[in-house]
Amino acid sequence: RTIRISQCLLCWQSMPEDQAPPTPNESPNVTYAQVHEFTAQLQAMHAQILALQGEVEHLRNAQTNVVQALTVSVGKVQDDRSAAFFNQVFNFSRNIGCMQSVLSIDNLRHELRQWKLAASPESRALSAKNIRHNFLRSCSLLVSDMSGFTRITKEEGIGQFLMLTKQMQAMCVPLMESFGGTLVKVEADNLFVIFPSPHLAVLASMHCQASARKYNQERRRNDQLHLSMSVVHGDLFLIPGVDLFGGVVPMGFELGEDVADKDETLVTEEVVAVCKKQAVIDGLVVFEQVDPFHSGEKKIGVYRAVPVLEKILPFVTSCSMPILNPQINMEEPVEYLALIDERMRDPSKAAEIDEQLKTRFTERSTVLVIDLHFDDSESKGNEEADLLLLDSIVRLKSEAARLCEKHCGQPVASMQTRASPCIFALFSTSAAAFSAAVDFAAICCASDK
């Protein structure tokens, strides 16, 4: 077809100026000799093009080594610049998380101090109302936990599980945020995320489970992600960017951490009741009743949320680098994140990086763990019971930190800013840790009296 068009074009160009070109429906008056001549010219041109292509290919082959060398050099420069930029962004994210944590906990302490020092019952009631207005929320809580810690760390070391934790965060946090979730805190391999509605939390959980199943395909056992999740709904105290406290938080944590099996999501009967009224979730999730949850003398119905697999589409994000999030990054040193990032990008360096992690971030210490317990039998019916408990936790944790430092201990900062009734501190000797524990026990006994 190309030859015929070229022949017609050459014939038209060779016509005298006074002769009109052929119309589209006419055939030009071309002799056999002209066709033969034009064909020979096209063949010659084709041979020249083939020769030029051969020369170009030869030049490309000759320049391959040079191009590869330049690519490696440019790649190294880009990697250095990318690493520097990532560190800057990470530091920015970390600073935001730290500032938010300090501001939130200082605000809570100020509100509690105003409430305790109120001059009149009216002022005290007003302060209590302000605290509840600022910190009490009615929302849905999703608690996520990972399975396989003991087995993986025993077979491949802690570095492997730390990397899997980062991969889980990189996959799940964006998914949860896409359903309106807000990450409040991270504890080891646990995520605590709040949602405005139960059905959004359930959908986020189903998509995270589907994405984990997709991620696990064709991966060896110790490279797979298995999640245990729970969704509860109710009132809780929210300290933004710091912690969750009271209300449905203990039940949500126990369901997600201890009760749910791997690849399973457990929800309460209240969550099921709300979800069944939402048309958007109809046909996507099936709820199967399991053994009830006992909260003191109260029995709460629990259901297993089972996704309809063909309707829940997995969405696996890139898990090749740690996620940037203020609530996650505020507790991570830059060097630690850089090593985990390198381990995720280059698995062949796993053994070398694990040794660096062990050298840099492992120490031999005595760990003092204090778990605060409160007798709530006298607080039943007291409208200020929740505030009294919250104030006691904040006050006793400050006192515990002072005693630990007095005995040359170092309180774990991330636990000190939490409203959870747990205290962690590191000591160089067991005797010092024991002395701090005895002194703190004496203070607790005195406060009971």
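Reader: Before we start, what do buried, exposed and partly exposed mean here?

Author: Buried means under 20% relative accessible area, exposed means over 50%, and partly exposed lies in between. Arg220, with a relative accessible area of 43%, is therefore partly exposed. Please note that this is a predicted model.

Reader: Which residue does Arg220 pair with in a salt bridge?

Author: Arg220 pairs with Glu156; their side chains meet at 2.6 Å, N to O. The two residues are 64 positions apart and link distant parts of the chain. Arg220 sits in the loop between α6 (198-216) and β4 (227-239), whereas Glu156 belongs to helix α4 (residues 149-156).

Reader: Which residues are in the network of salt bridges with Glu156 and Arg220?

Author: Asp223 is linked with Glu156 and Arg220 in that network.

Reader: How many salt bridges does the structure hold?

Author: The structure holds 13 salt bridges. Among them is the pair of Arg304 and Glu264, whose side chains meet at 2.5 Å, N to O.

Reader: Are Arg304 and Glu264 buried or partly exposed?

Author: Arg304 is partly exposed at 28% relative accessibility. Glu264 is buried, because its relative accessible area of 10% is under the 20% cut-off.

Reader: What does Lys185 form a salt bridge with?

Author: Lys185 forms a salt bridge with Glu187, and the closest N and O atoms are 2.9 Å apart. Lys185 has a relative accessible area of 5%, so this residue is buried.

Reader: Let us change topic. At what angle do α5 and α10 pack?

Author: Helix α5 (residues 158-178) packs against helix α10 (residues 334-345) at about 90°, with the axes 10 Å apart. The two helices are therefore roughly perpendicular to each other. From α5, the contact is made by Gly159, Gln160, Leu162, Met163, Lys166 and Gln167; from α10, by Tyr336, Leu337, Ile340, Arg343 and Met344.

Reader: What about α3 and α12, how far apart are their axes?

Author: Their axes are 11 Å apart, and helix α3 (residues 121-135) packs against helix α12 (residues 385-406) at about 75°. That angle makes α3 roughly perpendicular to α12, because the class runs from 65 to 115 degrees. Arg124, Ala128, Ile131 and Arg132 of α3 make the contact with Asp386, Leu387 and Leu388 of α12.

Reader: On to the surface. Which residues form a nonpolar patch there?

Author: Phe92, Ile96, Met99 and Leu103 form the patch, and together they have about 430 Å² of accessible area. Leu103 is found in helix α2 (residues 32-116). At 62% relative accessibility, Leu103 counts as exposed, because the value is over 50%.

Reader: And the protein chain as a whole, how many helices and strands are there?

Author: The protein chain has 14 helices and eleven strands. Of its 449 residues, 40% are buried. The chain exposes about 25900 Å², and carbon and sulfur atoms supply 55% of that area.

Reader: What share of the contacts with a separation of 6 or more joins residues 24 or more positions apart?

Author: Such residues account for 69% of those contacts in the protein chain.

Note on methods:
Residues numbered from 1 in each chain as written. Predicted model: local features only at pLDDT ≥ 70, side-chain atom pairs only at ≥ 80, totals over all residues. Heavy atoms only, no water. Patch = residues over 30% accessible without salt bridge, like charges linked within 9 Å, V, L, I, M, F, W, Y side chains within 5 Å. Areas by Shrake-Rupley, 256 points an atom, 1.4 Å probe, with all protein chains shown as cover. Salt bridge = Lys/Arg side-chain N within 4 Å of Asp/Glu carboxyl O. Helix = DSSP H or I, 4+ residues; strand = E, 2+ residues; numbered from the N terminus. Buried < 20%, exposed > 50% of the residue type's maximum accessible area, 1.4 Å probe, protein only. Contact = heavy atoms within 4.5 Å. Axes fitted to C-alpha atoms, helices over the stretch in contact; angles between N-to-C directions. Parallel < 35°, antiparallel > 145°, perpendicular 65-115°, else oblique.
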